[in-house]
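Open your viewer and get ready to click along with this short tour. At each stop you will select a few residues and see what is there.

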Amino acid sequence: MSKKVVTFGEVMMRLSPPGYEKFSQASSFELVYGGGEANVAISCAYLGMKAAHVTRFPNNALGKAATQFLRKHWLSTEHVIYGDDMMGKYFLEKGAVHRSSEVIYEREGSAFSLIEPSMINWESVLKDADWFHWTGITPAISEGAAKCCLEAIKTANKMGITVSGDINSRSNMWKYGKTMQDVIPELVEHCDVVITSSRGIREMFGMGQPEDSFNTLAKELITLFPSVKKVVKKTRRMLSASHNQIQGKMWNGTSYIKTDMLNITHIIDRVGTGDAFAAGLIYGLLHYEDQQALDFASAACALKHTVPGDVNIVSLENVRDLMEGNTTGAIRR
């Protein structure tokens, strides 16, 4: 039986100038849909898992188009809900070589930001699920989204479903009177797997010093939240906007493990690479031991850099090939 993952979060329109044009050069924009949690679900679906995404879309043609996008990529949309009339969006100017990418968000007042806990029956949503995944972006959007997220996590706990949180959030998103420090700890308290960074641990939980290693901080996090079994990090070394290196790291409560560094020399699209890592980790932890799971996650992340758009649509065979050391990119016949 295929494992099933359920994710929860906003899906936005992504509008980008063609190729590597700057905003000032653009006379048209390319449209795709994406959102961190939906990206994870889609990646898992392409790896052969059952996957469902829970979100709220505007009740108009754009909301229906976004739903079709999710269905096109093998997601169940049974629990998508509709209301209000605005879809969140962001504009992306893709960087190259020594020029950084630039992102401008327009998501305040979106249909998803107006979501309330009464709109979702989480026991029904999570029936038959093996894994629930959220990110720190969702509770930052609005108080209603934060309450929905907490209810989902607690319901998953009650049903014996593994919960992962990718909690590297952005402090400038919190605009409804609560801070990361107010909200994130209670969510993490009920998680099994946490994806974060050294900086994230220090900022969200007020622990450690700038010179502390990730391993040290991860041990402290598990001590603070005993339900957390694994703390995972993706390290990125940026040689330029077009050339990065990726490495996965994990403290699993008993040992510190890491992957070999993967060299990505010609980046096509960096957006969604963290989500590809999370999806690879979820698939890996459901099918492998910890070291192989981390290798799988890093390989999935590296491959996303070669795929345009927000979502990682590579196959299970693609990821396994890279995980096993095949970096040639030879034609598959």
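Start by selecting tryptophan 74, which is exposed, with a relative accessible area of 61%. Keep in mind as you look around that this is a predicted model. Tryptophan 74 sits in the loop between helix H2 (61-72) and strand S6 (81-82). Its backbone deserves a look too: tryptophan 74 has a positive phi of about 75 degrees, although it is not a glycine.

Next, go to aspartate 84, in the loop between S6 and strand S7 (89-93). Here, too, is a residue that is not a glycine but has a positive phi, of about 60 degrees. Is aspartate 84 buried, exposed or partly exposed? With a relative accessible area of 42%, aspartate 84 is partly exposed, since that value lies between the 20% and 50% cut-offs.

Arginine 56 counts as buried, at 8% relative accessibility.

How many salt bridges does the structure hold? There are 13, so let's visit a few others.

- Select arginine 107 and glutamate 10: their side chains form a salt bridge (3.0 Å, N to O). The two are 97 residues apart, and the pair links distant parts of the chain. Arginine 107 is buried at 14% relative accessibility, and glutamate 10 is buried at 4%.
- Select lysine 230 and aspartate 290: the closest N and O atoms of this salt bridge are 3.0 Å apart. Lysine 230 lies in strand S12 (residues 230-240) and aspartate 290 in helix H10 (residues 290-304), so parts 60 residues apart in sequence are tied together. Both residues are buried.
- Select Arg14, Asp269 and Asp310: a network of salt bridges links them.

For the last stop, show helix H7 (residues 198-205) with helix H8 (residues 214-224). They pack at an angle of about 40 degrees, their axes 9 Å apart, which makes H7 oblique to H8. The crossing is left-handed. On the H7 side, pick Ser198, Ile201, Arg202 and Phe205, which meet Phe214, Leu217, Ala218 and Leu221 in H8. By class, this contact has six nonpolar, one polar and one charged residues.

Finish by zooming in on serine 198, which is buried, with a relative accessible area of 9%. Among the residues that serine 198 touches are Ser213 and Lys233.

Key
Residues numbered from 1 in each chain as written. Predicted model: local features only at pLDDT ≥ 70, side-chain atom pairs only at ≥ 80, totals over all residues. Heavy atoms only, no water. Axes fitted to C-alpha atoms, helices over the stretch in contact; angles between N-to-C directions. Helix = DSSP H or I, 4+ residues; strand = E, 2+ residues; numbered from the N terminus. Parallel < 35°, antiparallel > 145°, perpendicular 65-115°, else oblique. Left-handed = near helix turned anticlockwise from the far one by under 90°. Contact = heavy atoms within 4.5 Å. Nonpolar A, V, L, I, M, F, W, Y, C, P; charged D, E, K, R; others polar. Buried < 20%, exposed > 50% of the residue type's maximum accessible area, 1.4 Å probe, protein only. Salt bridge = Lys/Arg side-chain N within 4 Å of Asp/Glu carboxyl O. Lists of a residue's contacts leave out its neighbours within four places in sequence.
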